[in-house]
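Please open the structure in a viewer and keep the selection tool at hand.

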Amino acid sequence: MGSHLPNKVAIIGCGLAGLSLALALHAQSIPCSIYELRSTSAKSTGALMLSPNALRILNSLGVFERIRVKGYNFTNIAFKNEDEETTDLYPLGDEHRYGYKALRIYRQILLDELRSMVHACDIAVNYGKKFSHVISESSTEVLFAFTDGTSASASLLIGTDGIHSTVRKYVSPSISPNYSGALAITCAIPLSALHFPPDKDYSTLPVAIHGANGTFVIAPQDIDGSEVLAGTQKKYPEQTREEWDRLFSAKDELLTLLSANKSAWPSLVQSALDSVPKETISIWPYYIVPKLPSWSSSSHHSRVLVIGDAAHAIPPTAGQGASQAFEDALSLALLLSHPSSSPNLAVNLEFWQTYRQERIDRVVKLTLKLNNTRLPKAERESLDKKMIWSSESDLEELEWLYNHNIKEAMLAGLEKEK
């Protein structure tokens, strides 16, 4: 190991961000350990979209070929109006233009593959360890505590502990997630239960059907597309964490919410709402993390950092939540392995945050434009057309997102910081 490399990195959280960071650090010969509050038996539900910028990173870490055949590969999501006419196509991937198709995969499958690779790399994962607080931070190490009364130390502590991050309370104590006022409510339905109108073109899936109620999404989420996610987003008052848990368990209440104004939807959506397996209904309240003053403990010694949803949670409309966490992980590993980072850690982290925040800001802007396509018809039509995503005006903009070369950008930026 080079003398300029951190001698031990502690990662709080064993989700997608934490596991990908561990693999990225390992690839740079930086030793690390993961601490996870849940047990090894904990499971995650649902599926997620992975676009080319995410798949390129996973390919560099040796993950892509392991998952490519375990999910649904596709190119576009079709936008349709209330008459079920295709009005636009939003590319979530394209082998020819961006190098990869998009991949929709069950979250647990991706987690299992990442954990398997972390285990193969002999990276320690400590389960049942809930981070409590930072005890002390010096110019060389961080001492931190767990809720069971034990403690540990590392040269760097990195929080990948999600939108309600405990690590972030140390880095940016004044920042808390803001509720957007809306939640996604979805279910999993067999494709065979849907009644596709014979006179309408549904050759492109996933599909987002826009109408008076808002937008209803149908997205295949297994290898052969035989099961689909179906759902929409609703305005809903903010709840406490206990109240959200109660709502998640209230399946009859959720079915009523999901099926509200059913007759206003086209027949395809109505067939989906008639076929909902109640036990599969789920909710996703949309919370946003305001822009952090700093992603690291810059007021101390910059030895504590946050990445992923802990630093910049955004709604999932653009399919970029996990993708941006992967970008964080790879770019941070490249930064920490650079020879200039040992003597200039705080300066390099400042550059890194600026670089990452600029991309996050553009993703947030894109997400807002896509969210606006999903508003109820009356609200959507009241907006300036420039506030709604359209391939006619915005397609070329996706090049910056999908074809970005993180390694080139990081190396060029770090050379300037010397």
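Two strands are said to pair if DSSP finds at least two bridges between them. The model on display is a predicted one.

Select asparagine 73, then leucine 103 in β7, which is its bridge partner.

**Second stop: the five-stranded sheet**

Next, display the open sheet whose 5 strands follow the order β8-β2-β1-β12-β18, with parallel pairing. Which strands form its edges? They are β8 (124–127) and β18 (304–306), and each pairs on one side only. From one strand to the next, the twist averages 20 degrees. To examine one pairing, select strand β12 (residues 156–159) together with β18; 3 bridges link them in the parallel sense. Leucine 157 has valine 304 in β18 as its bridge partner.

The model contains 17 salt bridges. Begin with aspartate 252 and lysine 278, whose side chains meet in a salt bridge with an N to O distance of 2.5 Å. Aspartate 252 is part of helix α8 (residues 251–258), whereas lysine 278 is in the loop between α9 (267–273) and β17 (282–288); the pair therefore ties together parts that are 26 residues apart in sequence. Lysine 278 has a relative accessible area of 34% and is partly exposed.

Now select aspartate 274 and lysine 262, a salt bridge in which the closest N and O atoms are 2.6 Å apart. Since aspartate 274 lies in the loop between α9 and β17 and lysine 262 in the loop between α8 and α9, this pair ties together parts that are 12 residues apart in sequence. Aspartate 274 counts as exposed, at 55% relative accessibility, while lysine 262 counts as partly exposed, at 28%.

Proceed to glutamate 327 and arginine 359, which form a salt bridge with the closest N and O atoms 2.8 Å apart. Glutamate 327 lies in helix α11 (residues 321–337) and arginine 359 in helix α12 (residues 345–373), so parts that are 32 residues apart in sequence are tied together. Are these two residues buried or exposed? Both glutamate 327 and arginine 359 are buried.

Finally, turn to the second largest pocket, which holds about 520 Å³ of space. Select Arg380, Lys385, Ile388, Trp389 and Ser390, the closest to its centre of the 18 residues that line this pocket. Then colour β5 (76–80), β6 (86–91) and α13 (377–381), the elements that give two or more residues to the lining. The largest share of the lining, 3 residues, comes from α13.

Note on methods. Residues are numbered from 1 along each chain as its sequence is written. This is a predicted model: local features need pLDDT of at least 70, side-chain atom pairs count only at pLDDT 80 or more; totals for chains, interfaces and linings use all residues. Side-chain values use heavy atoms; hydrogens and water are left out. A salt bridge is a side-chain nitrogen of Lys or Arg within 4 Å of a carboxyl oxygen of Asp or Glu. Helices (H or I, at least four residues) and strands (E, at least two) are DSSP runs, numbered from the N terminus. Buried means under 20% relative accessible area, exposed over 50%, partly exposed in between (1.4 Å probe, protein chains only). Axes are lines fitted to C-alpha atoms, for helices over the stretch in contact, and angles run from 0 to 180 degrees between N-to-C directions. On a 1 Å grid over the protein atoms alone, a cavity is a set of points where a 1.4 Å probe fits but cannot get out, and a pocket is an open set with protein on both sides within 12 Å along at least five of seven lines; lining residues have an atom within 4 Å of a point. Grid points are joined across faces, edges and corners, and a volume is the space filled by probe spheres set on the points.
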